[in-house]
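Me: I am new to this structure, and I would like to look at its aromatic rings with you. Could you walk me through them step by step?

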Amino acid sequence: MNPALEPISVEKEIAGRTLKIETGRIARQAAGAVTVQYGETVVFVAVTTGKPRAGLDFFPLTVDYRETTAAAGKIPGGFFKREGRPTTKEILTCRLIDRPIRPLFPKGFKNDVMIQGRVFSHDGDNDCDILAMIATSAALGISKIPFDGPIGAARIGRIAGGELIVNPLFMERDCGDLDLVVAGTADAITMVESGCKELKEEEILEALWKAHDVCKEVVELINELVEKVGVTKDEFTSPEEDSEAIAFWDTQEEKLVPLNFTVGKHVRKGALKVFRDEAIAASISEKGLEGDEADDWSKRLKDVWEGATKKLVRQQILKNGKRADGRGTEDIRDIDCQVSSFPRTHGSSIFTRGETQGVVSATLGTLADEQRIEGLRGQTTKRFMLHYNFPSYCVGETWPNRGPKRREIGHGTLAERALEAVIPDFEVFPYSVRIVSEITESNGSSSMATVCGGTLALMDAGAPIRRPVAGIAMGLIKEGDDVCVLSDILGLEDACGDMDFKVAGTQRGITALQMDIKIKGLSREILEKALSQAKEGRFHILRVMLSSLPAPRPSVSAYAPKIVTLPIANEKIGALIGPGGKTIRKIQADTKTRIEVDDDAGMVLIAGTFESKMDEAVNIVRDLTRDVEIGSIYNGKVVTIKDFGAFVEILPGKEGLLPVEEFAKRGGPRINLKDHLDVGEIVVVKVIDVDPLGRVRLSKRAVKAGEKESVGA
């Protein structure tokens, strides 16, 4: 950018708020830099590029997005007051930025491209992720970097009555049943990410096209900015294909077909590698090449080898409907479901679909096990968590384990959204829940295996989920007008195909979507077919899953904490906690339970593993939080004896006066109450009065014969 460039801005009203994009004020030495403002939320993105590195065989695009708490007028909590590693929200936003723009760089472009986003201001109403996506597209648009954009981005929510909301505020999202993020060019949708509460396919399609209409408005706005800036793009010509090397592999197609369609990923890879090396050696011998010439020809053939095998896979699918593992286009791989796989987990399953396998566990915890999250919106909590792990052995490879990668965070979040829609409300099932999915084999669609395995693990743990959820990954092969939608794709079909469309849901509707495409866009007809085909596949998978476990277990695992919930009035919480927490700590120690108070819900949660101790804790808490009622009968304990009467504890911390007259004859001589009662003695009394100051008057005589049977304490 030109440092002398005056600030240039464009703006447009979208969903009742002004979307403003500005450049030329900040970071003028970057290749492209913009700020995007929506409401009082401001997001900044700068794009830079470097020269290609020698020997690189991939496009080195890096996205780094951060949300500093200063943007919301907050100082980070904890001991460290400086932002550290990226949060889950930041990682997910990085993926939202990366996925739709990566396919729009020219084929063969290998220059380093760095995208860095920062939140400068956050108003608490408008999410930053959509603005970061728009800012990235605009920054690339005004840079000299070759880029076949721009793209627009929009979020669609849905509130009561089915009304679709464009770029909903946080409070609208919190009460809605749809959270859909869409990116697209002026011509087509290019990326989808969504969580929803069992919406029908036609409802999803309506939301998708509403989002695309907004994307087109954003594209127009970015184009207006690009035109004002007037930057000329660097020319880049994609490397020419090696037609001679490609032609050689074309001559080998008949020999390649039976090898490329050998069932078993590693068997197929091994057979293809042997064939490749033998074919290259035979060609070198036939040409009579030696030395550098032989090495050069060998390298050329190896460079186009992967493309040749992918081309063959695509051709066989389009022409013959033949897939690499012999299935038809709508066939689902063989499925095996096992539950209660491990003895001490609360719930567990092993879900295997073809060569993809997930070992999934479900753990139940108490309110104290909720995850606490600090972000721009302040501190929030999560009672349902799903963690997805993808170790190197699941694909027979080696790489160091340095914590979850961005892909693992993204796949885990997708599976979490899919299952969150069926987790019962806290009032019905007062547990925190954590699912861990360990992918032990992978050949495509491991995130959807996590959804299926997660459903079974939850049911095995006794969680009364609303309905079981299954997931399926759809693929696409498109050449001109020839289109083929694939159900339950393999890793190979993901790599050589044009779409990865994951759909999860129940028999009633969809709960999560994720779509990435490698072509410039999809028509409505293709999306409709993909969703319809996914629905049939999802129903098939659900039937197989339910044959292994038809319904949730009738009770939670014997190893899970048992939880009892009791209502509590706000004014009673202090009595339960006691001075400095003394009372609640004593109850927990005496009964070997865990007691938690949810102020917002007005609830006390008592968790424990011993039934008798749980009952004891429940009775103590009930007594502490119960009001004294006139006419109630109690087994009271004498705590103090005075000349005028005895003070009797009828509830923990609640005493009443039993007057001395209760023991004296009418008109008789005055008595010494200590001759009739002892401290610590249990007496049956009835509450006959509670004065405005809360003082309780008790009577022993008022307890009539037969009422002793119904005494409560």
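Reply: Happy to! One term to begin with: a residue is buried under 20% relative accessible area, exposed over 50%, and partly exposed in between, using a 1.4 Å probe and protein chains only. This is a predicted model, where local features need pLDDT of at least 70, side-chain atom pairs count only at pLDDT 80 or more, and totals for chains, interfaces and linings use all residues. Residues are numbered from 1 along each chain as its sequence is written, and side-chain values use heavy atoms, leaving out hydrogens and water.

Me: Is Phe647 buried, exposed or partly exposed?
Reply: The relative accessibility of Phe647 is 26%. Buried would need a value under 20% and exposed one over 50%, so Phe647 counts as partly exposed.

Me: How many aromatic pairs are there?
Reply: Rings of Phe, Tyr and Trp (its six-membered ring) pair if their centres lie within 6.5 Å; planes under 30 degrees apart are stacked, over 60 edge-to-face, and the rest tilted. By this rule, the count of aromatic pairs is 14.

Me: What kind of pair do Phe390 and Trp399 form?
Reply: Their ring centres are 6.3 Å apart. The planes meet at 10 degrees, so the pair is stacked.

Me: And which kind do Phe644 and Phe647 form?
Reply: Here the centres lie 6.1 Å apart. Because the planes are at 85 degrees, this pair is edge-to-face.

Me: Which charged residue sits over the ring of Phe390?
Reply: A charge sits over a ring if NZ of Lys or CZ of Arg is within 6 Å of the ring centre and within 35 degrees of the ring normal. At 4.2 Å from the centre of the Phe390 ring, the charged end belongs to Arg407.
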